[in-house]
Amino acid sequence: MDFFDALHTSSAGLTAQRLRMNLISGNLANVHTTRTKDGGPYRRKEPIFAAQAQDMSFERILASQNPDNLPLVKVVEIIEDGRNPLLKYDPNHPDADAEGYVAMPNINLMEEMVNLISATRSYEANITAVKAAKEMAMKALDIGQ
Amino acid sequence: MKEITLDNDVKTIIDSHASKNQATTTGSTSFGELLNNSINKVSRLQNEANQSIEALASGRQKDIHNTMIAMEKAGVAFRLMMEVRNKVISAYETIMRMQV
């Protein structure tokens, strides 16, 4: 386990949080989307994170008895929210059903905002970890001076 | 971005160190070889950072942070190499200043 492993882990965290941010942006942008490729209104999407071992080279496995002690985070799946669509009475809408109701995405703006803040803060936390790892390396290099 | 295209500088350091150290050591893995290997590693990291910047600029890669981290890695490795070089040079200068 060398100094760069900490950077790799943080890098995976950054990638994961960035993807989460993209999904939240997509959810916010599609608050009023009534048509999708699969038919019906847009459904909000959410990432599922899983811890995964670092890329295992033969050398690394050979060198360590416990090779997956520093897990990376990885997005394994993007799920669609199972909540029922909100029905809005709007008989003039082209997507309205026979009774005049339009199925709208069940997206709560407050909820998405909170998730947005959480994603931003998690990203920042990973950046801080990268900076701290770099600072440690730089401090080690200062020993020689 | 200038900082990480120092391949030529790295090569000159490799050459100068290799010629300087091979004369002094005769062991199986000489200090020169060791230095050569680590300088090659630094060079590889610089190349990685270079490729990462190219990928970002041409739109093949869209993660800014991966490029930044590659650049930081190259930077830290290069600084480590410079510290070793400074130490070697200062040792050489100490010897040169010796009174005979």
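**Figure 1. Salt bridges in the predicted model.** Let's start with the whole structure: across all chains, a search finds 14 salt bridges. Keep in mind that this is a predicted model. One of the pairs to look at is A:Arg44 with A:Asp81, whose closest N and O atoms lie 2.7 Å apart.

**Figure 2. Helices H1 and H3 of chain A.** Staying with chain A, here is a helix pair to follow along its axes. The axes of H1(A) and H3(A) come within 9 Å and cross at roughly 165°. That angle is over 145 degrees, so H1(A) runs roughly antiparallel to H3(A). Their crossing is left-handed. Sorted by class, the contact residues of H1(A) and H3(A) comprise 17 nonpolar, 9 polar and 4 charged.

**Figure 3. Helices H2 and H3 of chain B.** Now for a helix pair in chain B. Helix H2 (residues 31-58) and helix H3 (residues 64-96) of chain B pack at about 155°, and their axes are 9 Å apart. H2(B) is therefore roughly antiparallel to H3(B). The crossing of H2(B) and H3(B) is left-handed. From H2(B), the residues in contact include B:Phe31, B:Leu35, B:Ile39, B:Val42 and B:Leu45. On the H3(B) side, look for B:Ala70, B:Met71, B:Ala74, B:Ala77 and B:Phe78, among others. The contact of H2(B) with H3(B) has 17 nonpolar residues, along with 4 polar and 2 charged ones.

**Figure 4. Where chain B meets chain A.** Next comes the interface. In chain B, 13 residues are in contact with 17 residues of chain A. About 1,400 Å² is buried between the two chains, with carbon and sulfur atoms giving 63% of that area. The interface of chain B and chain A also holds 3 salt bridges. For a close look at a charged pair between the chains, find the side chains of A:Arg18 and B:Asp63, which form a salt bridge at 2.9 Å, N to O.

**Figure 5. Helix H3 of chain A beside helix H3 of chain B.** The axes of helix H3 of chain A (residues 109-142) and H3(B) come within 10 Å and cross at roughly 10°. H3(A) and H3(B) are therefore roughly parallel to each other. H3(A) brings A:Tyr123, A:Val130, A:Lys134, A:Ala137, A:Met138, A:Leu141 and A:Asp142 to the contact. They meet B:His65, B:Ile69, B:Glu72, B:Val76, B:Arg79, B:Leu80 and B:Glu83 of H3(B). By class, the residues in the contact of H3(A) with H3(B) are 8 nonpolar, 1 polar and 5 charged.

How values were computed. Residues numbered from 1 in each chain as written. Chains lettered and ligands numbered in written order. Predicted model: local features only at pLDDT ≥ 70, side-chain atom pairs only at ≥ 80, totals over all residues. Heavy atoms only, no water. Axes fitted to C-alpha atoms, helices over the stretch in contact; angles between N-to-C directions. Helix = DSSP H or I, 4+ residues; strand = E, 2+ residues; numbered from the N terminus. Parallel < 35°, antiparallel > 145°, perpendicular 65-115°, else oblique. Left-handed = near helix turned anticlockwise from the far one by under 90°. Contact = heavy atoms within 4.5 Å. Nonpolar A, V, L, I, M, F, W, Y, C, P; charged D, E, K, R; others polar. Buried area = accessible area lost by both parts, 1.4 Å probe. Salt bridge = Lys/Arg side-chain N within 4 Å of Asp/Glu carboxyl O.
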